[in-house]
Amino acid sequence: MAESISFSLDGDRVVGVPGDTIAAALLRSGVTTFTRSIKYHRPRGPFCLSGSCGQCLLRVDGVPSLPACRVRIEEGMACERQNGPLGVEADLLRATDFLFPTGLDHHHLLVQSRLLGRVALEVARRLAGLGELPVHEAKVAKGELRTAPLVVIGAGPAGLAAARIAGAKALLLERDQRPGGAALLGIDPAGPDAAWVASALHEFPGVLLTGAEAVGLYPNDSGLPGNGLLAVRLEDKLLAIAVEKVIVATGGAPQPVPFPGVDRPGVHAARGLLKLHAQCGVRVGARLVVVGDGKELVDCARALRRAGYELARVVSATSELPPAEDLPLVVGAPLRALGDPVRALEIAAKASTERIACDAVALAWSPAPLHELASSNGAAAAYLPELNGSPLIVDAEGRTTVPWIFAAGRVCGLGGAGAVPSGEAAAAAACK
Amino acid sequence: MIPMEKAIVCACEDVTVHDVDEAIARGLGDIESLKRYTGLGTGPCQGKSCLASALRLCAERAKAPRESLVPFRSRPPQSPTALAAYASLPELQPLPAVAPSAPRGPHPLMPRERLPERADVVILGGGIMGLALAWNLAAQGSQKILVLERGYLCEGASGRNGGGVRAQWGTPTLIELAKESIDFMGRFAQELGINVWLRKGGYLFLAEDEETVRRIEEGAAVQKRHGLSTRIISAEEAGELVPELDTRRFLAAAWHPEDGVVFPWPFLWGYADGARKRGAQIETFTRATGIEVESGRVRAVQTDRGRVACDRVVIAAGAWSPQVARLAGVELPNKPYRHEIVSSEPLKPFLGPLVSMLGSGLYFSQSMRGEIVGGMGDPKEPPGLNQTSSLRFLQRYSRALTELVPRTGNVKLLRQWAGCYDVTPDHSPVLGETPGAAGLLQMSGFVGHGFMMAPAVGRRMAAWMGGAKDDIFERFSVGRFAEGRLEQETFIIG
């Protein structure tokens with residue numbers, strides 16, 4: 001196996017390590033600006049590092065807007081940054097950001113004059129969009145129709161626990177290349193870890209598909225028996241699986257919170273940085289400020305320290321200070337992230353404003369439940385501020401408001417220690 | 001000097017906290033309206049990184065009640081997926097329509113204030129028809145006008161259409177209505193203070209066989225007589241207009257450069273604001289539960305916020321109009337049919353016109369935001385009030401689009417949704433008085449193209465209600481079906 005892989009970014013050669021995602025290889029090489037934002041041309045870099053946000057989209061071999069955090073590098077691959085017509089690093093259109101400091105209200109822009117309105121239309125049209133149309137026709141494998149009595153979606157702790165109970169009848173899907181989800185991040189030293197994942201997999205007699213992302217759950221119009229029809233993207237192939245029951249264990253997505261500068265390169269999800277390190281061994285500098293709240297903040301800060309980061313400060317955004325004497329904790333609301341990439345975080349501490357220097361900022365609020373697959377099919381979800389999102393509503397057996405859709409783990413508000421028991425309960429109920 | 005820094009809520013669409021505050025200040029603080037007004041959650045991540053923040057802002061700043069804090073309706077695909085992947089699936093089978101479950105109790109966002117005890121005109125349906133009518137009626141002064149919408153503005157078909165507007169129709173009336181409406185759209189921003197982004201990129205109707213070629217030739221002849229510049233062009237000429245087309249897949253095309261696309265949502269906010277400024281009252285999240293007709297006259301509308309006595313009731317509820325008319329014991333011949341649409345990832349501008357394949361019913365255009373927005377009629381679609389999305393549609397649409405425009409294969413789809421066409425037996429609208437129920441007025445049956453006719457229909461209906469003579473309210477009355485004088489329109493797509 002080659003020791004290094006070379007590919008290009010905007011024509012310049014970049015060298016990465018086999019197994020790197022594009023994002024990992026670029027961050028390793030010191031590239032922090034991956035794209036320019038759609039309206040104000042603000043610099044953007046990868047935030048979630050787990051395929052949920054839209055901040056690391058690149059054109060790869062002529063295909064627009066692919067997530068750099070999910071595509072693995074290949075020899076000779078040509079990556080291009082988008083939405084910087086004169087170069088993404090020194091994009092002149094970033095002037096839009098400064099010219100409209102409070103934002104550009106497109107609804108009411110130049111409405112007074114028909115002529116100016118037409119000018120605005122022409123300008124806006126030319127600036128709109130992100131990627132260019134692909135150059136080539138697509139080559140994809142032929143899609144397939146299948147049936148399955150039970151599909152478990154997500155092979156994190158909850159999904160693995162469910163699959164292990166359900167046994168051979170379950171088809172287990174994992175969107176990452178490696179099953180394990182949150183168990184691989186080292187967040188909870190007492191919780192499931194890589195060894196637990198290996199043993200759970202060993203005890204699961206059914207089929208596991210990795211790199212398999214469930215992209216839609218529909219009424220079943222396949223003509224095959226089943227309550228629903230699940231669309232699954234397996235690399236570049238689409239499977240349509242007629243399912244009797246599903247257990248949704250899709251986990252959560254890291255969330256930014258809206259403070260000035262949160263969208264700048266150098267602000268990352270804490271879990272994203274843990275994943276980047278666990279998966280590719282890459283760190284974004286040496287010193288981090290970690291900001292967030294509650295158990296998630298403490299757990300992520302400790303895990304980041306174990307991953308080799310130095311913690312400049314751990315900032316609790318809620319007034320309650322979680323008990324953790326080993327951490328450099330301070331209470332404070334984030335005021336702004338400074339620098340491009342971010343080199344400091346300003347916080348409103350007790351009596352004063354404090355500026356904390358760092359190499360990057362990690363955000364550690366609870367990931368928001370990924371309810372979308374189930375809720376698009378009618379399963380009810382409701383916002384709970386304490387869970388930082390909208391978990392699916394389930395009964396004690398993990399049944400959602402749609403009788404054949406079950407849920408387990410963070411997606412229904414049972415992350416962390418609740419994940420494994422909720423997976424087992426949902427599987428037992430789904431197999432009744 | 002450090003410039004003021006934006007606090008971004010939605011990084012995909014560059015939506016700031018300031019934008020959210022603006023929307024809330026305009027009364028658009030419910031999560032579905034917030035999404036549409038600010039654009040948050042409509043980019044590549046489809047809200048996976050902003051919805052929690054948005055709901056927190058709704059709770060804290062818009063003081064939204066707890067039971068209303070649910071995510072905006074999630075739309076498949078859950079992650080951007082290429083057209084070619086869908087196109088490679090085998091064709092799926094249509095399903096019988098599932099009857100929607102009856103709403104349980106009042107909407108969590110229903111305002112608590114009682115409605116006025118009396119109004120002159122109650123308009124049922126806050127879609128573009130009802131709102132355009134309200135704005136025009138309110139200009140006449142004196143009358144008390146009340147518009148009732150059961151959901152948020154944009155919840156029905158007016159908020160779910162693809163934004164295509166064209167004057168290329170097969171009958172003189174529709175050509176006139178559309179021409180006047182498109183003219184008005186061009187000055188909507190000046191009249192109503194909000195941009196609707198009318199972009200006249202033209203409409204290109206492709207004909208794939210000799211019979212369809214004859215159809216577009218006949219259509220072009222009628223349109224020319226009514227002052228349109230429609231031309232029949234060869235496949236090669238069409239290929240010059242849109243170089244990405246595979247010109248081997250059709251024989252000729254009808255081309256009308258004055259047609260175009262708009263951004264549909266601001267029409268509703270603009271008309272609603274304008275009507276309110278003229279004194280009309282528009283109430284969202286409020287349902288009509290009954291229409292009282294006594295001795296052949298409309299007397300009142302019952303709602304979940306009390307009874308409103310009135311002289312006239314206008315039914316402008318789109319595909320729900322038959323249901324609403326039944327509250328008054330009136331049967332309309334309209335039938336609802338689901339129509340599905342999908343939007344792609346935002347691309348840099350490449351496509352000028354809206355392109356439609358007449359035979360298959362495929363159509364697509366590029367929105368101002370750069371997305372390819374399109375749909376495709378389904379001859380096997382069963383009737384029914386069905387707004388669920390299907391995989392069958394994505395497969396058929398993706399196959400048709402990638403065959404006609406092969407370079408779209410690797411374009412990813414972001415979001416699909418469905419709305420309902422309000423279909424009449426002759427594909428012409430239902431307008432005017434209802435036999436046996438004086439004061440009960442119909443304004444429905446626009447078969448998926450009401451949006452592009454509404455500015456003119458609203459103006460003419462208001463004038464007619466004010467006493468002006470206008471024969472379309474006789475010709476298109478609901479009585480025509482019983483009398484057997486149909487008004488056949490043939491230029492329907494989708």
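The exercises below, each with a worked solution, concern a predicted model.

Residues are numbered from 1 along each chain as its sequence is written, and chains are lettered from A and ligands numbered from 1 in the order in which they are written. Local features need pLDDT of at least 70, side-chain atom pairs count only at pLDDT 80 or more, totals for chains, interfaces and linings use all residues, and side-chain values use heavy atoms, with hydrogens and water left out.

**Exercise 1. Two pairs within a chain**

State whether each residue is buried or exposed in the pair A:Glu346 and A:Arg355, then do likewise for B:Glu381 and B:Arg338.

Step 1. A:Glu346 and A:Arg355 form a salt bridge, the closest N and O atoms being 2.8 Å apart. A:Glu346 counts as buried because its relative accessibility is 13%, whereas A:Arg355, at 53%, counts as exposed.

Step 2. The side chains of B:Glu381 and B:Arg338 meet in a salt bridge at 3.2 Å, N to O. The pair links distant parts of the chain, 43 residues apart: B:Glu381 is in the loop between strand S18 (371–376) and helix H12 (391–404) of chain B, and B:Arg338 is in strand S15 (residues 335–346) of chain B.

Step 3. B:Glu381 has a relative accessible area of 11%, so B:Glu381 is buried. B:Arg338 is buried as well, with 13%.

**Exercise 2. Backbone angles**

Locate two cis peptide bonds and two residues with positive phi that are not glycine.

Step 1. Most residues other than glycine have a negative phi, and most peptide bonds are trans.

Step 2. The bond from A:Asp340 to A:Pro341 is cis, with omega near 0 degrees. A:Pro341 is in the loop between strand S19 (333–338) and strand S20 (344–348) of chain A.

Step 3. The bond from B:Pro76 to B:Pro77 is cis, with omega near -5 degrees. B:Pro77 is in the loop between helix H3 (51–61) and strand S3 (81–82) of chain B.

Step 4. A:Asp61 has a positive phi near 45 degrees and is found in the loop between strand S5 (57–60) and strand S6 (63–67) of chain A. With a relative accessible area of 43%, A:Asp61 is partly exposed.

Step 5. For A:Asn388, phi is positive at about 55 degrees. A:Asn388 lies in the loop between helix H8 (372–375) and strand S24 (405–407) of chain A and counts as buried because its relative accessibility is 5%.

**Exercise 3. Contacts of two threonines**

List the contacts of B:Thr16 and B:Thr247, leaving aside neighbours within four places in sequence.

Step 1. Contact means heavy atoms within 4.5 Å. B:Thr16 is in contact with A:Thr102, B:Lys6, B:Ala7, B:Ile8 and B:Val9.

Step 2. B:Thr16 is found in strand S2 (residues 15–16) of chain B, and at 2% relative accessibility it counts as buried.

Step 3. B:Thr247 is in contact with B:Ala235 and B:Gly239. The place of B:Thr247 is the loop between helix H9 (235–241) and strand S9 (252–256) of chain B; its relative accessible area is 26%, so B:Thr247 is partly exposed.

Step 4. B:Thr247 and B:Leu440 are 193 residues apart in sequence and 50 Å apart in space, C-alpha to C-alpha.

Note on methods:
A salt bridge is a side-chain nitrogen of Lys or Arg within 4 Å of a carboxyl oxygen of Asp or Glu. Buried means under 20% relative accessible area, exposed over 50%, partly exposed in between (1.4 Å probe, protein chains only). Helices (H or I, at least four residues) and strands (E, at least two) are DSSP runs, numbered from the N terminus.
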